[in-house]
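Subject: Structure handover

Hello,

My notes follow below it.

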Amino acid sequence: MSKISLFDDYRIILASSSPRRRDLTNQIGLKVEIIPSKFEENLPKASFPTPADYAIATAKGKASEIYNENKEAVVIGADTVVVVDNKILEKPSDAACAKSMLSELSGRSHHVVTGVCICYKDHKHTFHVETEVEFAKLTPDLIDWYVGTGEPLDKAGGYGIQGKGAILVEELSGCYFNVVGLPLQKLHSKLLKILSE
(Lines give C-alpha, C1' and ligand atoms only; values in the text may rest on other atoms or scores of the structure.)
Protein backbone atom coordinates (compact mmCIF):
# COMPACT_ATOMS: atom_id res chain seq x y z
CA MET A 1 0.00 0.00 0.00
CA SER A 2 1.38 3.43 -0.93
CA LYS A 3 1.70 6.15 1.66
CA ILE A 4 -0.90 8.31 -0.11
CA SER A 5 -3.52 5.56 -0.36
CA LEU A 6 -3.16 5.01 3.39
CA PHE A 7 -5.38 8.06 3.89
CA ASP A 8 -8.21 6.48 1.90
CA ASP A 9 -8.79 3.98 4.73
CA TYR A 10 -9.84 6.72 7.14
CA ARG A 11 -12.74 9.11 7.51
CA ILE A 12 -10.98 12.48 7.63
CA ILE A 13 -12.96 15.57 8.61
CA LEU A 14 -11.85 19.14 8.07
CA ALA A 15 -13.45 21.23 10.82
CA SER A 16 -13.49 24.39 8.71
CA SER A 17 -15.80 26.30 6.41
CA SER A 18 -12.83 27.89 4.63
CA PRO A 19 -13.00 27.27 0.88
CA ARG A 20 -9.24 27.85 0.75
CA ARG A 21 -8.51 25.01 3.18
CA ARG A 22 -10.88 22.75 1.26
CA ASP A 23 -9.09 23.58 -1.99
CA LEU A 24 -5.69 22.93 -0.42
CA THR A 25 -6.67 19.47 0.82
CA ASN A 26 -8.07 18.69 -2.64
CA GLN A 27 -4.82 19.89 -4.20
CA ILE A 28 -2.83 17.14 -2.46
CA GLY A 29 -5.48 14.48 -3.05
CA LEU A 30 -6.57 14.33 0.57
CA LYS A 31 -10.22 13.30 0.63
CA VAL A 32 -11.90 15.17 3.47
CA GLU A 33 -15.43 15.64 4.68
CA ILE A 34 -16.26 19.25 5.52
CA ILE A 35 -17.99 19.81 8.87
CA PRO A 36 -17.51 23.45 9.89
CA SER A 37 -16.85 24.03 13.58
CA LYS A 38 -19.02 26.49 15.46
CA PHE A 39 -16.26 27.14 17.99
CA GLU A 40 -16.19 30.84 18.83
CA GLU A 41 -12.84 32.35 17.87
CA ASN A 42 -12.79 34.70 20.83
CA LEU A 43 -10.23 33.30 23.25
CA PRO A 44 -8.54 36.04 25.30
CA LYS A 45 -5.36 36.71 23.31
CA ALA A 46 -3.53 38.26 26.24
CA SER A 47 -3.71 35.00 28.19
CA PHE A 48 -1.42 33.19 25.71
CA PRO A 49 2.38 33.51 25.86
CA THR A 50 2.74 33.63 22.06
CA PRO A 51 0.52 34.07 18.97
CA ALA A 52 1.33 30.44 18.08
CA ASP A 53 -0.12 29.28 21.41
CA TYR A 54 -3.28 31.25 20.66
CA ALA A 55 -3.62 29.81 17.13
CA ILE A 56 -3.05 26.25 18.43
CA ALA A 57 -5.64 26.69 21.19
CA THR A 58 -8.20 27.95 18.68
CA ALA A 59 -7.42 25.09 16.28
CA LYS A 60 -7.78 22.64 19.17
CA GLY A 61 -11.16 24.12 20.08
CA LYS A 62 -12.41 23.75 16.51
CA ALA A 63 -11.15 20.19 16.07
CA SER A 64 -12.29 19.00 19.51
CA GLU A 65 -15.84 20.22 19.00
CA ILE A 66 -16.24 18.15 15.82
CA TYR A 67 -14.23 15.18 17.13
CA ASN A 68 -16.50 14.84 20.19
CA GLU A 69 -19.37 14.02 17.80
CA ASN A 70 -17.26 11.89 15.42
CA LYS A 71 -14.96 9.76 17.57
CA GLU A 72 -14.23 7.25 14.80
CA ALA A 73 -12.82 9.92 12.50
CA VAL A 74 -9.60 11.84 12.07
CA VAL A 75 -10.47 15.51 12.61
CA ILE A 76 -8.31 18.42 11.46
CA GLY A 77 -8.76 21.90 12.89
CA ALA A 78 -6.72 24.94 11.90
CA ASP A 79 -6.49 28.63 12.74
CA THR A 80 -4.44 31.21 10.87
CA VAL A 81 -3.47 34.60 12.26
CA VAL A 82 -1.34 37.49 11.07
CA VAL A 83 1.11 38.90 13.59
CA VAL A 84 2.69 42.35 13.46
CA ASP A 85 4.51 43.99 16.38
CA ASN A 86 3.46 40.96 18.45
CA LYS A 87 -0.19 41.92 17.86
CA ILE A 88 -2.59 39.35 16.43
CA LEU A 89 -4.66 40.42 13.44
CA GLU A 90 -7.60 38.17 12.61
CA LYS A 91 -10.35 38.80 10.07
CA PRO A 92 -11.33 42.49 9.76
CA SER A 93 -14.79 43.30 11.07
CA ASP A 94 -15.56 45.75 8.25
CA ALA A 95 -14.00 47.72 5.38
CA ALA A 96 -12.61 50.43 7.67
CA CYS A 97 -10.91 47.78 9.82
CA ALA A 98 -9.46 46.13 6.68
CA LYS A 99 -8.02 49.48 5.51
CA SER A 100 -6.46 50.03 8.93
CA MET A 101 -4.87 46.56 8.90
CA LEU A 102 -3.46 46.98 5.39
CA SER A 103 -2.05 50.40 6.28
CA GLU A 104 -0.35 48.84 9.30
CA LEU A 105 1.17 46.05 7.16
CA SER A 106 2.28 48.38 4.34
CA GLY A 107 5.99 48.48 3.56
CA ARG A 108 7.07 46.09 6.28
CA SER A 109 7.27 42.45 7.22
CA HIS A 110 4.86 40.44 9.36
CA HIS A 111 4.38 36.81 10.30
CA VAL A 112 1.58 34.44 9.40
CA VAL A 113 1.04 31.68 11.96
CA THR A 114 -1.19 28.66 11.45
CA GLY A 115 -1.97 26.43 14.40
CA VAL A 116 -3.17 22.91 13.55
CA CYS A 117 -4.78 20.23 15.70
CA ILE A 118 -5.34 16.64 14.54
CA CYS A 119 -7.69 14.63 16.77
CA TYR A 120 -7.51 10.86 16.48
CA LYS A 121 -8.10 7.99 18.94
CA ASP A 122 -8.65 10.42 21.83
CA HIS A 123 -5.31 12.13 21.26
CA LYS A 124 -4.85 15.74 20.21
CA HIS A 125 -1.72 16.27 18.09
CA THR A 126 -0.82 19.94 17.63
CA PHE A 127 1.77 21.93 15.74
CA HIS A 128 2.21 25.34 14.17
CA VAL A 129 3.99 26.78 11.15
CA GLU A 130 5.19 30.37 10.76
CA THR A 131 5.91 32.25 7.53
CA GLU A 132 7.42 35.71 7.19
CA VAL A 133 5.75 37.96 4.62
CA GLU A 134 6.97 41.33 3.41
CA PHE A 135 4.50 43.81 1.97
CA ALA A 136 5.29 46.41 -0.66
CA LYS A 137 4.61 50.03 0.23
CA LEU A 138 0.87 50.40 -0.39
CA THR A 139 -0.65 53.66 -1.60
CA PRO A 140 -4.01 54.79 -0.17
CA ASP A 141 -5.54 54.32 -3.64
CA LEU A 142 -4.32 50.72 -3.83
CA ILE A 143 -5.67 49.98 -0.35
CA ASP A 144 -9.04 51.54 -1.27
CA TRP A 145 -9.20 49.53 -4.50
CA TYR A 146 -8.28 46.26 -2.80
CA VAL A 147 -10.75 46.68 0.05
CA GLY A 148 -13.37 47.59 -2.55
CA THR A 149 -12.98 44.15 -4.14
CA GLY A 150 -14.39 42.63 -0.93
CA GLU A 151 -11.57 40.08 -0.80
CA PRO A 152 -10.04 41.18 2.53
CA LEU A 153 -13.14 40.78 4.66
CA ASP A 154 -12.94 37.03 5.39
CA LYS A 155 -9.16 36.73 5.67
CA ALA A 156 -6.76 37.04 8.58
CA GLY A 157 -4.81 40.28 8.31
CA GLY A 158 -7.18 41.55 5.63
CA TYR A 159 -5.55 40.03 2.55
CA GLY A 160 -5.49 36.85 0.47
CA ILE A 161 -2.12 36.00 -1.07
CA GLN A 162 -3.77 33.46 -3.39
CA GLY A 163 -6.09 36.10 -4.86
CA LYS A 164 -5.86 39.76 -5.81
CA GLY A 165 -3.84 40.30 -2.63
CA ALA A 166 -0.87 38.70 -4.38
CA ILE A 167 0.06 42.16 -5.72
CA LEU A 168 0.59 43.42 -2.15
CA VAL A 169 3.31 40.90 -1.32
CA GLU A 170 6.92 41.71 -2.17
CA GLU A 171 8.46 38.49 -0.83
CA LEU A 172 8.03 35.72 1.68
CA SER A 173 10.19 33.33 3.63
CA GLY A 174 8.72 29.96 4.54
CA CYS A 175 5.67 27.98 3.47
CA TYR A 176 3.42 29.75 0.95
CA PHE A 177 0.51 27.38 1.65
CA ASN A 178 0.69 28.32 5.33
CA VAL A 179 -0.19 31.89 4.34
CA VAL A 180 -3.18 30.59 2.36
CA GLY A 181 -4.37 28.72 5.47
CA LEU A 182 -2.91 25.21 5.72
CA PRO A 183 0.78 24.18 5.79
CA LEU A 184 0.50 21.23 3.42
CA GLN A 185 3.88 19.54 3.79
CA LYS A 186 3.80 19.59 7.60
CA LEU A 187 0.15 18.47 7.67
CA HIS A 188 0.87 15.58 5.30
CA SER A 189 3.91 14.40 7.26
CA LYS A 190 2.07 14.62 10.59
CA LEU A 191 -0.89 12.65 9.23
CA LEU A 192 1.44 9.95 7.93
CA LYS A 193 3.13 9.69 11.31
CA ILE A 194 -0.10 9.66 13.34
CA LEU A 195 -1.91 7.14 11.11
CA SER A 196 1.12 4.86 10.85
CA GLU A 197 1.54 4.50 14.62
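At the start of α1, a side-chain oxygen of S18 comes to within 3.2 Å of the backbone nitrogen of R20. Helices here are DSSP runs of H or I with at least four residues, strands are runs of E with at least two, and both are numbered from the N terminus. This is a predicted model: local features need pLDDT of at least 70, side-chain atom pairs count only at pLDDT 80 or more, and totals for chains, interfaces and linings use all residues. Residues are numbered from 1 along each chain as its sequence is written, and side-chain values use heavy atoms, with hydrogens and water left out.

**Helix α1**

Which residues of α1 are buried? They are R20, R21, L24 and T25. Buried means under 20% relative accessible area, exposed means over 50%, and partly exposed is in between (1.4 Å probe, protein chains only). Seen down the axis of α1, these buried residues fall within an arc of 135 degrees, so they line one face of the helix. The arc is taken from the directions that run from the helix axis to the C-beta atoms. The buried residues of α1 pack against β1 (12-14), α2 (51-67), β3, α5 and α6. Contact means heavy atoms within 4.5 Å. Just after α1, G29 has a positive phi of about 75 degrees.

**The largest pocket**

The largest pocket holds about 500 Å³ of space. Its lining has 28 residues, and S18, R20, R21, K91 and D154 lie nearest its centre. α1, β3 and α5 are the elements that each give two or more residues to that lining.

Lining residues have an atom within 4 Å of a point. Grid points are joined across faces, edges and corners, and a volume is the space filled by probe spheres set on the points.

T80 is in strand β3. T80 is buried, with a relative accessible area of 13%. Its side chain makes a polar contact with the side chain of R21 (3.0 Å). A second polar contact, of 2.8 Å, joins the side chains of T80 and T114. A polar contact is a pair of N or O atoms within 3.5 Å; within protein, one must be able to donate a hydrogen and the other to accept it, and residues adjacent in sequence count only if both atoms are side-chain atoms.

T114 is in strand β5. T114 is buried too, at 0% relative accessible area. Setting aside residues up to four places away in sequence, T114 touches A78, D79, T80, F127, H128, V129, N178, G181 and P183.

**Helix α6**

α6 (residues 184-196) has 13 residues. From first C-alpha to last, α6 reaches 18 Å, close to the 18 Å expected at 1.5 Å a residue. The expected span is 1.5 Å times one less than the number of residues. The buried residues of α6 are L184, L187, L191, L192, I194 and L195. What covers them includes α1 (19-27), β3 (74-84), β5 (109-120), β6 (123-135) and α5 (176-180).

**Helix α3**

The buried residues of α3 (residues 95-105) are A98, M101, L102 and L105. They cover an arc of only 95 degrees around the axis, which puts them on the same side of α3. They pack against β3, β4, β5, β6 and α4 (140-148). D94 caps the N-terminal end of α3, with a side-chain oxygen 3.2 Å from the backbone nitrogen of A96. Just after α3, G107 takes a positive phi of about 70 degrees.

**Two loop residues to look at**

Most residues other than glycine have a negative phi. D85 has a positive phi, near 55 degrees. D85 sits in the loop between β3 and β4 (87-89) and counts as exposed at 57% relative accessibility. D122 also has a positive phi, near 65 degrees. D122 is in the loop between β5 and β6 and is exposed, with a relative accessible area of 57%.

Best wishes

Notes: 1 Å grid on protein atoms, 1.4 Å probe; cavity = no way out; pocket = protein on both sides within 12 Å on 5 of 7 lines; lining within 4 Å.
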